[in-house]
Amino acid sequence: MTGGAAVTSSPQPDGGGRASAPQAALQVALQVALGLALTALAVAWVLAASGPPPPRPADAPAGEFAALRAWADVEAMSRAAHPLGSAEHARVRQHVVARLRQLGADAGLQVEVQEVPLPQGDKRRAARNVLARLPGRDGGPALMLSAHYDGWGESPAAADDSAAVAALLEVLRALLAGAAAGAPPPAHDVLFVITDGEESAFEGAQGFLRHRWAADVGAVLNFDARGVRGPVLMYETGPDSAWLVRALGQAPRPRASSLFPALYAVLPQSTDFTFFRRAGLPGLNFAFIEGYGHYHTPSDDLAHLDPASLQHEGELALALTRRLADLDLAAARRPGDAVYFDLAGRSVVQWPRAWVIPLALVVLALAAAVVALALRRGRLAAGGLLRGFVLFPAVAVGAAVLATAAGWIYAASAPLLPHSRQPAGLELFGLALLAAVTLAVVAAVGWLARRTPAAELAVGAWGWWGLALVVLSVALPGASYLALVPLAAAAVALALRLPATGAAAPRLALRLAALLVALLPAALLLAPPAAALWQALGPRASGLVALLEVAALTLPAPFFTAFPATRPATGSDADSPERSGRRS
């Protein structure tokens with residue numbers, strides 16, 4: 001420095017002009033607020049678009065599924081608790097048998113009741129499956145639709161599983177109505193297997209596998225519930241079911257993720273489908289899970305059941321039945337499983353599981369190349385990236401620990417909903433938790449950004465996304481897409497931000513494009529499973545949801561504000577004129 005005094009100025013981000021320190025701080029605050037608002041809007045849109053459809057009225061066209069037409073059957077079956085062996089249980093079974101015989105009287109529907117002896121020494125009466133077979137035009141393997149009619153304890157079981165039984169009855173009615181209107185009947189037989197004993201020891205499912213019809217099954221669609229509302233999720237598959245996932249992608253509002261079977265496989269949970277899968281049958285397992293606090297309680301009743309969930313269940317069942325019952329199921333079955341996810345219930349994206357490792361290597365190479373180019377052009381500094389990588393675990397784990405404590409306090413102090421295990425105000429607590437974690441992260445990054453630009457801290461944290469991609473690809477390939485696609489999108493977004501010169505309008509357009517490219521895939525892929533996790537576990541998931549939120553925010557965060565201006569790739573961060581704002 002020569003004899004003159006030091007001149008202070010703000011950095012020149014993205015080639016822009018100078019601004020005073022207060023103006024620069026205000027600009028950054030507004031940009032961060034806008035970025036967070038866009039993030040919140042994207043997540044809200046994804047979750048709203050992923051919900052169930054509105055229920056169709058009872059006077060809907062005869063060939064369509066109508067939840068309010070099926071509602072009468074739900075009401076008839078859920079008047080009171082009906083555990084296995086009770087008088088009410090026998091009445092529900094008689095209702096199902098009568099409805100099947102009424103619907104199929106003129107269609108050659110075969111209806112029978114299969115008695116399944118309970119384990120020796122059990123004093124209850126035998127479990128009894130209700131079975132129906134709708135003949136198709138040709139021979140070949142049959143499509144099986146399954147649900148259970150017994151209830152748990154004192155629960156009226158409106159959702160679990162009277163809704164599914166009513167949906168299958170309405171599917172049968174719609175199939176027969178279509179045939180009566182001149183549509184061709186299914187090419188292959190359709191089996192309606194209404195099992196018993198699911199809530200005790202799965203006696204009905206195991207007993208059906210010994211029935212003579214079991215040998216004819218080519219694929220299974222099973223419907224259950226672990227809540228009283230929300231979209232119907234496909235959360236478990238049988239062996240070699242990638243071809244069934246492709247068929248699901250053409251159904252209305254498909255909600256599916258290969259994350260769900262990967263997690264479900266390590267949980268100590270079972271349904272009837274567990275035994276069908278173990279028997280080697282390809283298939284898909286469905287359930288709606290929101291309102292988990294009503295599950296297996298007296299409040300699993302008609303008043304709490306959402307007819308929109310019944311509509312979604314029935315639409316999926318009818319569309320898949322019409323498609324799969326016309327396929328040669330033996331010829332359609334192909335070996336291999338897939339990685340897949342839905343796009344806000346609009347379609348399903350999938351690729352063979354064998355592609356997981358090659359795709360991971362491509363994305364890791366892409367991310368590394370773009371970051372290296374940013375370093376070479378002086379748009380990022382190695383020291384800042386390293387600090388972001390080292391500090392991210394402290395921020396993420398700290399947020400998760402505080403969120404876990406908040407969830408524990410809330411669960412211990414909040415009153416329960418009547419006749420439910422769910423704390424009151426769960427949704428409001430979830431929103432408050434997300435807002436608190438966001439503010440805490442912004443405050444932490446703001447403090448850290450006094451020395452290192454926030455963009456470098458966030459991009460440095462992407463290293464953990466790369467590690468997550470490696471671990472998931474090897475240990476949990478069905479979940480690998482959760483790291484692969486967002487990291488690939490973030491790398492592309494970073495490439496869009498590398499140019500530092502040019503007119504203001506193109507620079508602004510590139511900044512907005514980069515933000516959207518990083519933001520939308522993260523919202524599409526991460527928000528739905530996080531919401532499902534919250535709905536399934538409630539406040540017990542507070543820490544994990546907070547950890548996911550912090551990790552997800554690192555993807556669009558580098559594009560909330562302007563990047564540091566282009567600078568030499570060498571030299572220390574502290575001595576960089578563009579970083580310190582000094583010149584001599």
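The legends below describe close-up views of one predicted model, beginning with the whole chain and then moving through its parts. Residues are numbered from 1 along each chain as its sequence is written, and because this is a predicted model, local features need pLDDT of at least 70, side-chain atom pairs count only at pLDDT 80 or more, and totals for chains, interfaces and linings use all residues. Side-chain values use heavy atoms, with hydrogens and water left out.

**View 1**
The chain holds 18 helices and 11 strands, where helices (H or I, at least four residues) and strands (E, at least two) are DSSP runs numbered from the N terminus. Of the 584 residues in the chain, 53% are buried; here buried means under 20% relative accessible area, exposed means over 50%, and partly exposed lies in between, with a 1.4 Å probe and protein chains only. The chain exposes about 24,500 Å², of which carbon and sulfur atoms supply 65%, with accessible areas taken from the Shrake-Rupley method with a 1.4 Å probe and, for residues, only the protein chains shown counting as cover. Among contacts (heavy atoms within 4.5 Å) between residues at least 6 apart in sequence, 80% join residues at least 24 apart.

**View 1. An open sheet of 7 strands.**
The strands of this sheet follow the order β2-β3-β5-β4-β6-β8-β7, and their pairing is mixed. At the edges stand β2 (110-116) and β7 (229-237), each of which pairs on one side only, and the twist from one strand to the next averages 20°. Two strands are said to pair if DSSP finds at least two bridges between them. Strands β3 (residues 127-134) and β5 (residues 190-195) are joined in the antiparallel sense over 5 bridges, and L131 has V193 in β5 as its bridge partner. Strands of a sheet pair through backbone hydrogen bonds, either parallel or antiparallel. Helix α9 (residues 307-324) lies across β4 (142-148), β5, β6 (217-225), β7 and β8 (283-290), and runs at about 40° to β7; for such angles, axes are lines fitted to C-alpha atoms, for helices over the stretch in contact, and the angles run from 0 to 180 degrees between N-to-C directions.

Helix α3 (residues 87-103) has 17 residues and reaches 25 Å from its first C-alpha to its last, close to the 24 Å expected at 1.5 Å a residue, the expected span being 1.5 Å times one less than the number of residues. Its buried residues include E88, H89, R93 and L100, and the buried residues of α3 pack against α2 (67-77), β2, β3, α4 (158-180) and β5. In α2, the buried residues are A67, A70, W71, D73, V74, A76 and M77, and these pack against α3, α4 and α9.

**View 2. Two nonpolar cores.**
A nonpolar core is a set of buried Ala, Val, Leu, Ile, Met, Phe, Trp, Tyr and Cys residues joined through side-chain atoms within 4.5 Å. The largest one has 67 residues, and those with the most contacts inside it are L100, F192, L221, L248, F286, L310 and L324. Helix α4 gives the most to this core, with 14 residues. Apart from it lies another core, of 59 residues, among them A399, V437, A514 and A546. Not counting residues up to four places away in sequence, L310 touches F65, A67, A70, W71, V74, A163 and A167.

**View 3. The enclosed helix α15.**
Because 12 of the 16 residues of α15 are buried, this helix is largely enclosed by the rest of the structure. Among the buried residues are Y481, L484, P486 and L494.

**View 4. The hairpin of β9 and β10.**
Strands β9 (residues 338-342) and β10 (residues 348-352) run antiparallel and are joined by 5 bridges. They form a hairpin with 5 residues between them, and A344 in the turn has a positive phi of about 55°. Within this pair, Y340 stands opposite Q350, while D342 stands opposite V348. Both faces of β9 are covered, with A338, Y340 and D342 buried on one side and V339 and F341 buried on the other.

**View 5. H419 in its loop.**
H419 is placed in the loop between α12 (382-413) and α13 (426-448), and it counts as exposed because its relative accessibility is 60%. Leaving aside neighbours within four places in sequence, H419 is in contact with T297, P298 and S299. The C-alpha atoms of H419 and T297 are separated by 6.6 Å, although the two residues are 122 residues apart along the chain.
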